[in-house]
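Visitor: I would like to learn how to read the features of a model like this one. Could you walk me through it?
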Amino acid sequence: IKPQIEQTKAEACGKDEMAKIKERSGMGHLQPMLRLAASLIRHQCSVTLITSHPIVSSAESQLVSNFLSAFPQVNEKKITLTPIDPITVNTTDPYSIQWATICHSAHLFSPILSSLSPPLSFVVTDITLLSSVIEITENLRLPNYILSISSARMFSLVSSFPSIPSSIPKTSIPPPLLDSNSYFAKNFSDASKSIKRFDGVLINSFEGLEKECFEMLAAAELTDGLPPAFPLGPFLPLPFEGGSSSSSSPFMKWLDNQKESSVVFASFGSKYPMSKEQIKELGNGLILSGYKFLWVVRTKFVEKQEERDDLDEIVGHQVMNQVKNSNAFVVKEWVDQWRILSHKAVGLFLSHCGWNSVVETSWHGIPVLGWPHWGDHMIAGEVMEAAGWGVCRKNWGWGINNYLVEGEEIGSKIKEIMKDQTVRMKAKRMGEVAKKTTEAGGRCDDVMKKLLQSLKKN
Ligand code: UDP
Ligand code: UDP
């Protein structure tokens, strides 16, 4: 779900310029799909990966190519997309255009799926492509599983859409979904209608995180004919995902010199920029909190190679003074988030509540101050808050109506959570549960085995 705000429109770029997109944008769907593929390989499956070209960002191309080098046994099949007129999607956001283009080119999957040798046992389809792909796999009599890269809670919304489950407040629904004429609402409705035709849904979540929701989905399987849900998360990162940042990165060395659980880590995903004014307020807030901080700044929706603003100008002198005094570290590049979250110095994650970030943080057992932006972030924040290991500031409304959250408020909320021992203890416990789920022979392995057995029965 993409924000429809002025800043986004102004900073997005046309398709002919896509090749120039340098920043590691658009990883939210690709990364979990590849993590799942790696897990299938570990369970002795042979994998074919269908990639759509041209790929939007160089980050995505890089990740796909790293994946293929690490798993040379994977069979890559490339689809050359047929360009569409962006007017039909009514957006200039390259990711939305790419999404619509893939849907439009879905007929190209058919000859690939039918010609593979040995023949396919099953297909995994990203949740954004459901209604475009299901007819094709039904015609080929291929079992098809949904990959839901968001929470079980979000999946319960998608599956009942346009109705909204009573457990989800209307204020948490992304505004484009409430406009029945929007591309998003239409796609969600179509997806929702097609869900029962799928054989199962693979979710990057686990019962320890969303127990009630998985119980609800199991009940809906019996009463409404929803496909079975497989809690396969938390998905773990692949060793080559971290890009260039390593344990010798300057900020990792800086973290090495900080006390345990003393640093606030602030980062807001791979796509969303903050307004210049909000960046200044956030900088103020981080300083006012009195804690040391590591801050990943993003100012552009899609960062282009030639655009490199001066950090000093973006965050201001006060923040840069903190950096000089070694009280803070500010970066404006892709970081290895998993590695940072693994560091014992990190005591709080100030996050936009992208689902991947929420799941990763649960595994590391770190308290979260959630500042949701758009899309499924509010719903993800609710999952995190219900599990008790963080607080989600839904009323901060980042990106909505140009609402500015003041530094004082940010600073005092950071202080409050950093001092909250109950939240810290719950986070630690969540981390223990998550790690147990992913250890060899744990629940993730069980669920994967159950999935593969159910396929053998088909
Ligand atoms: N989503 C969906 N169907 C769609 C598009 C999105 O179910 O057709 C869900 C999906 O679970 C995803 C969430 O909505 O995690 C947000 O979508 P997207 O990743 O495009 O937005 P972002 O993560 O950038 O906010
Ligand atoms: N990520 C990262 N470094 C960054 C920004 C993001 O490693 O500088 C990773 C993060 O760990 C997560 C993914 O990119 O796995 C972002 O997904 P999420 O759902 O949290 O947010 P989105 O980018 O889709 O808004």
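Visitor: In what sense do strand S7 and strand S8 pair, and over how many bridges?

Guide: First, a word on the model and its labels. This is a predicted model, in which local features need pLDDT of at least 70 and side-chain atom pairs count only at pLDDT 80 or more, while totals for chains, interfaces and linings use all residues. Residues are numbered from 1 along each chain as its sequence is written, and chains are lettered from A and ligands numbered from 1 in the order in which they are written.

Guide: Now to the general idea: strands of a sheet pair through backbone hydrogen bonds, either parallel or antiparallel. Helices (H or I, at least four residues) and strands (E, at least two) are DSSP runs, numbered from the N terminus, and two strands pair if DSSP finds at least two bridges between them. Here, strand S7 (residues 263-267) and strand S8 (residues 292-296) pair in the parallel sense over 4 bridges. Valine 264 has phenylalanine 293 of S8 as its bridge partner, and alanine 266 stands opposite tryptophan 295.

Visitor: What is the strand order of the open sheet of 6 strands?

Guide: The order is S9-S8-S7-S10-S11-S12, with parallel pairing. At the edges are strand S9 (328-331) and strand S12 (390-392), each pairing on one side only. From one strand to the next, the twist averages 10 degrees. Axes are lines fitted to C-alpha atoms, for helices over the stretch in contact, and angles run from 0 to 180 degrees between N-to-C directions. Helix H18 (residues 407-419) packs on this sheet, touching S7, strand S10 (346-351), strand S11 (368-370) and S12. The direction of H18 makes about 140 degrees with that of S10.

Visitor: Are the residues of S7 buried or exposed?

Guide: A residue is buried if 20 or more other C-beta atoms lie within 10 Å of its own, exposed if 12 or fewer, and partly exposed in between, with C-beta atoms placed from the backbone. In S7, 5 of the 5 residues are buried, so the strand is largely enclosed by the rest of the structure. Val263, Phe265 and Ser267 lie on one side and Val264 and Ala266 on the other, and both faces are covered.

Visitor: Which strands form the open sheet of 4 strands?

Guide: The order there is S3-S4-S5-S6, and the pairing is parallel. Strand S3 (123-126) and strand S6 (229-231) stand at the edges with a single partner strand each, so one side of each is left without a neighbour in the sheet. On average, neighbouring strands are turned by 30 degrees against each other, direction ignored. Strand S4 (residues 144-148) pairs with strand S5 (residues 200-203) in the parallel sense over 4 bridges, and isoleucine 146 stands opposite valine 201 in S5.

Visitor: At what angle do helix H7 and helix H17 pack?

Guide: Helix H7 (residues 152-160) and helix H17 (residues 377-386) pack at about 135 degrees, with their axes 9 Å apart. That makes H7 oblique to H17; angles under 35 degrees count as roughly parallel, over 145 as roughly antiparallel, 65 to 115 as roughly perpendicular and the rest as oblique. Arg153, Met154 and Leu157 of H7 make the contact with Ile379, Glu382 and Val383 of H17, where contact is defined by C-beta atoms, placed from the backbone, within 7 Å.

Visitor: Which residues are closest to ligand 2?

Guide: A residue is near a molecule or strand if its C-beta atom, placed from the backbone, lies within 6 Å of it. Of the 19 residues that surround ligand 2, the closest are Gly28, Gly269, Gln337, Gly354 and Ser357. Helix H16 (355-364) is one of the elements that give two or more residues to this shell, and H16 has the largest share, 4 residues.

Guide: Around ligand 1 there are also 19 residues, of which Thr128, Ser150, Val158, Gly375 and Asp376 come nearest. The largest share of that shell, 3 residues, comes from H9.

Visitor: Where is cysteine 353, and what is its phi?

Guide: Most residues other than glycine have a negative phi, and most peptide bonds are trans. Cysteine 353 has a positive phi of about 70 degrees and lies in the loop between S10 and H16. With 31 C-beta neighbours inside 10 Å, cysteine 353 counts as buried.

Key: Contact = placed C-beta atoms within 7 Å.
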